[in-house]
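This report describes selected features of one protein structure. Keep the structure open while reading, and find each residue as it comes up.

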Amino acid sequence: NARSASVAVVPWSSGTPGAFSALLDDVELARSARFERLVVPTAASVDGARGERFRTTLTLKNPSLSGRRVDATLRCREDDPCLTASVSLLFAPGETRVFTDALLDLFGRRSGAGAIELTYDATLGPVVASARAATVHAERPGNGMSIPVLAPSAARNAATFLALSDGRAGDGGTRVNAGVYNPHPSPVWAGFGVRDENGATRNTVSVLVGARSWTQVNDLFGAAGAGAARPGSTVTFSAEGPVFPFLISIDNRSGDPTFLEPRESFQP
C-alpha cells in the first residue's frame with residue numbers, strides 16, 4: 001500500500017568498471033523481457049533425520065562468446081528469509097563453474113535449505129544450469145539425485161506424484177519429504193493429499209507458503225498419520241496459485257534420495 005518509492009538507478013555494464021558514464025532523465029520503470037530466470041526448486045546443505053548429510057551441487061555454464069553476469073538468490077523459509085543471500089557471479093566466455101556445496105560456496109550457509117533463483121541477461125543467449133544432491137559420507141556415498149532447473153512457466157497449481165516407494169526398503173524403510181517454492185509476492189495455501197494404493201485419500205497435509213519463500217514437510221506420510229509409504233501409494237498436490245511442488249523419496253537404509261517430479265494432475 002505504498003504511496004511513493006525512492007529508486008536508485010545504477011548504470012551497469014559487463015565491461016571494465018568505470019569504462020562508461022551515463023546521464024539519466026525521465027526514468028520510467030517497466031517490466032523487461034531482457035532478463036530470464038531459472039528456478040532450482042530445492043537445494044540443501046543439511047543433516048538428515050537419520051544422520052545423513054545432504055549437499056547440493058550446482059553447475060553453471062556460460063556458452064556465450066562474451067563475458068556475462070548471473071545473479072543467484074537463495075529463497076528460504078518465511079521464518080528464515082535469508083534476505084541478504086544474493087550474489088552476482090561473473091563468467092568468462094565459455095566458462096563452466098561447479099559449486100560443490102552450493103549453499104556454502106555461493107551464500108556462505110553451512111547449514112540450511114531453500115530454492116535458488118538464477119537471473120541473467122538473455123540477449124547473449126542462454127545460461128546452462130544443472131543441479132544434483134547426494135549424501136556426503138566417505139564410506140557409504142549415495143548415488144544422489146538430479147534436481148531439475150526450471151523456467152517460471154513450469155510452475156503449477158495441481159500435480160500427481162508417483163513411484164514413492166518400490167518396497168525394497170521394507171515397511172518404514174522409505175520416507176517421503178514434500179516441499180513447495182512460492183515465487184509470488186503473496187502467501188499461497190497448498191496441500192498434499194496422501195493416498196493409498198487403492199487411490200483412497202488417507203489424509204491431507206496443508207501448508208501456508210510465504211511470499212517468495214520455500215518450505216518442506218519432512219516425512220509427509222508420518223505428518224499425515226498414514227504410516228509408511230508403500231508401493232502404489234500416491235500423493236496429489238493442489239495450490240491456490242502456480243508454484244513449484246516437489247517430493248523426495250529417501251531410502252532409510254542408505255540415506256539415498258530420489259527426486260520425484262510432479263506429473264499431470266488426473267484428479268477431477
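## Two residues with positive phi

Asp-219 sits in the loop between strand 13 and helix 2 (220-223). Helices and strands here are DSSP runs numbered from the N terminus, a helix being H or I over at least four residues and a strand being E over at least two. Asp-219 is not a glycine, yet its phi is positive, at about 50 degrees. Its relative accessibility of 34% makes Asp-219 partly exposed; buried means under 20% relative accessible area, exposed means over 50%, and partly exposed lies in between, with a 1.4 Å probe and protein chains only.

Ala-163 is another residue other than glycine with a positive phi, near 55 degrees. It belongs to the loop between strand 9 (156-161) and strand 10. With a relative accessible area of 63%, Ala-163 is exposed.

## Basis of the values

The model is predicted: local features need pLDDT of at least 70, side-chain atom pairs count only at pLDDT 80 or more, and totals for chains, interfaces and linings use all residues. Residues are numbered from 1 along each chain as its sequence is written, and side-chain values use heavy atoms, with hydrogens and water left out.

## Salt bridges

How many salt bridges does a search of the whole structure find? The search gives seven, where a salt bridge is a side-chain nitrogen of Lys or Arg within 4 Å of a carboxyl oxygen of Asp or Glu. One of them joins the side chains of Asp-121 and Arg-34, with an N to O distance of 2.7 Å. This pair links distant parts of the chain, as Asp-121 is in strand 6 and Arg-34 is in the segment before strand 1, 87 residues apart. Asp-121 is buried at 8% relative accessibility, while Arg-34, at 36%, is partly exposed.

Another salt bridge is formed by Arg-75 and Glu-117, whose closest N and O atoms are 3.5 Å apart. Arg-75 is in strand 3 (residues 68-75) and Glu-117 is in strand 6, so this pair ties together parts that are 42 residues apart in sequence. Arg-75 is partly exposed at 23% relative accessibility, and Glu-117 is buried, with a relative accessible area of 7%. Both residues also belong to a network of salt bridges that includes Arg-37. A further salt bridge, between Arg-253 and Asp-251, has an N to O distance of 2.8 Å. In that pair, Arg-253 is exposed at 54% and Asp-251 is buried at 17%.

## The second largest pocket

The second largest pocket has a volume of about 450 Å³. A pocket is found on a 1 Å grid over the protein atoms alone, as an open set of points where a 1.4 Å probe fits, with protein on both sides within 12 Å along at least five of seven lines; its lining residues have an atom within 4 Å of a point. Grid points are joined across faces, edges and corners, and the volume is the space filled by probe spheres set on the points.

Which residues lie nearest the centre of this pocket? They are Ala-44, Val-46, Asn-177, Gln-216 and Asn-218, out of 28 lining residues. Among the elements that give two or more residues to the lining are strand 2 (53-61), strand 10 (174-182) and strand 14 (234-251). Strand 1 gives the most, with five residues. By class, the lining has 14 nonpolar, seven polar and seven charged residues. Ala, Val, Leu, Ile, Met, Phe, Trp, Tyr, Cys and Pro count as nonpolar, Asp, Glu, Lys and Arg as charged, and the others, Gly among them, as polar.

## A nonpolar surface patch

Val-7, Val-9, Leu-24, Val-27 and Leu-29 form a nonpolar patch on the surface, and together they have about 480 Å² of accessible area. Patch residues have over 30% relative accessible area and no salt bridge; nonpolar side chains (Val, Leu, Ile, Met, Phe, Trp, Tyr) are joined within 5 Å, and like charges within 9 Å. The areas come from the Shrake-Rupley method with a 1.4 Å probe, and for residues only the protein chains shown count as cover. Val-7 is in the segment before strand 1.

## Two pairs across the chain

Ala-92 is in the loop between strand 4 (86-91) and strand 5 (96-99), and at 38% relative accessibility it is partly exposed. Its C-alpha atom is separated by 8.4 Å from that of Leu-65, 27 residues apart along the chain.

Is Ile-248 buried or exposed? At 8% relative accessibility, Ile-248 is buried; it lies in strand 14. Ile-248 and Leu-220 are 28 residues apart in sequence, with a C-alpha to C-alpha distance of 9.9 Å.
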